[in-house]
Amino acid sequence: MIYLTTIPSKATPSLQPTGSSRRRSVTSPRGQMWLLGSPSPGGARGLGGVGAGPLRVFGAILIASLLGATTANAQDITPLLKEADRYRMSADNLQVETQVTVFNTDGSQDKERRYTVFAQSERKSLVLMQSPVEKGQKVLMLADDFWLLMPNTQRPLRITPMQKLLGDASTGDIATMNWAGDYTGQVLGEEACGPEGKATCLHLSLQASRKGVTYQRIELWLGKTRHEPVRADLFVQSDKLAKQARFVMDKPVNPTMVSEMVLIDQISNKKETRIKYLNRKERTVSAEWLNPMFLARNATLE
């Protein structure tokens, strides 16, 4: 005979038989439930006359099944993120000419800047500022470490990936293009891509796999068929919604890459910041360019 019991707080439970049998009782740790016939907390043979062997095997099979399902869910999202990443970064090592434009809430243009971004493998990037007011400034990203290098100084300044470059575009928005390597998560289901409801997207909920990323949580919507990025809600470490992003593709039919990322500030001014990718080409830079001390000593690289 097998008995089940749920242990109430500060009480010694009574065991209710699942069939006709005499009543038995057992004292167990507070708040736990024991399946009698399985090993007791102290390692003794369970009560009720049922050996621990079959139940131990059943429990092992159940746990293995649950772990297998969890592992499968974790693995299923990685191919989706890799496909989405390819629309933003078509090769492991790229040179990307980038234009950032800030618009006021009335639609008028506020500011505009140009950047050359060398996005390299292993989470390394170098940003060269090209506009006259910023010429000579550089941002270097090596995994979780960010440095700002100013002209006429030989001391790199440590900064954070959330530090603003222009408008709502941060150093992390410009320098990093890798979701698959920085996030884990799950597919929440299928839903409309936007308020117009004309297309169906996959809704992914992403959590940062390390502390140094720009956003600790991302709610991401991908196209159901081609898995291109459509829009995202970007949350900072306090789990506050910082920005909403919209991704503009190069072609409405059979898109191949993201041509523009539009950011809407959700904290202060509600301004719109457009990050436009003017040109991409494969390029691997010299290892010296990814050294903060070398950059501090060399004002020009080419």
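Does Glu 122 count as buried or exposed, and at what relative accessibility?

Author: Glu 122 counts as exposed, because its relative accessibility is 64% (buried means under 20% relative accessible area, exposed over 50% and partly exposed in between, with a 1.4 Å probe and protein chains only). The model is a predicted one, in which local features need pLDDT of at least 70 and side-chain atom pairs count only at pLDDT 80 or more, while totals for chains, interfaces and linings use all residues. Residues are numbered from 1 along each chain as its sequence is written, and side-chain values use heavy atoms, with hydrogens and water left out.

Glu 122 belongs to the loop that runs between strand S6 (109-120) and strand S7 (124-129), where helices (H or I, at least four residues) and strands (E, at least two) are DSSP runs numbered from the N terminus. Although Glu 122 is not a glycine, its phi is positive, at about 60 degrees. His 227, likewise not a glycine, has a positive phi of about 65 degrees and sits in the loop between strand S15 (217-223) and strand S16 (229-235), but at 14% relative accessibility His 227 counts as buried.

The ring centres of Phe 118 and Trp 289 are 5.5 Å apart and the planes stand at 70 degrees, so the pair is edge-to-face (rings of Phe, Tyr and Trp, the last by its six-membered ring, pair if their centres lie within 6.5 Å; planes under 30 degrees apart count as stacked, over 60 as edge-to-face and the rest as tilted). Phe 118 and Trp 289 are both buried.

The structure holds 2 aromatic pairs, and Trp 179 and Phe 247 also form one, edge-to-face, with 5.8 Å from centre to centre and 85 degrees between the planes. Trp 179 lies in the loop between helix H2 (171-175) and S13, whereas Phe 247 is in strand S17 (residues 241-249), so parts 68 residues apart in sequence are tied together by this pair. Trp 179 and Phe 247 are buried too. Over the face of Trp 179 lies Arg 88, at 3.7 Å from the ring centre (a charge sits over a ring if NZ of Lys or CZ of Arg is within 6 Å of the ring centre and within 35 degrees of the ring normal). The charged end of Arg 217, in turn, sits over the ring of Phe 235, 3.7 Å from its centre.
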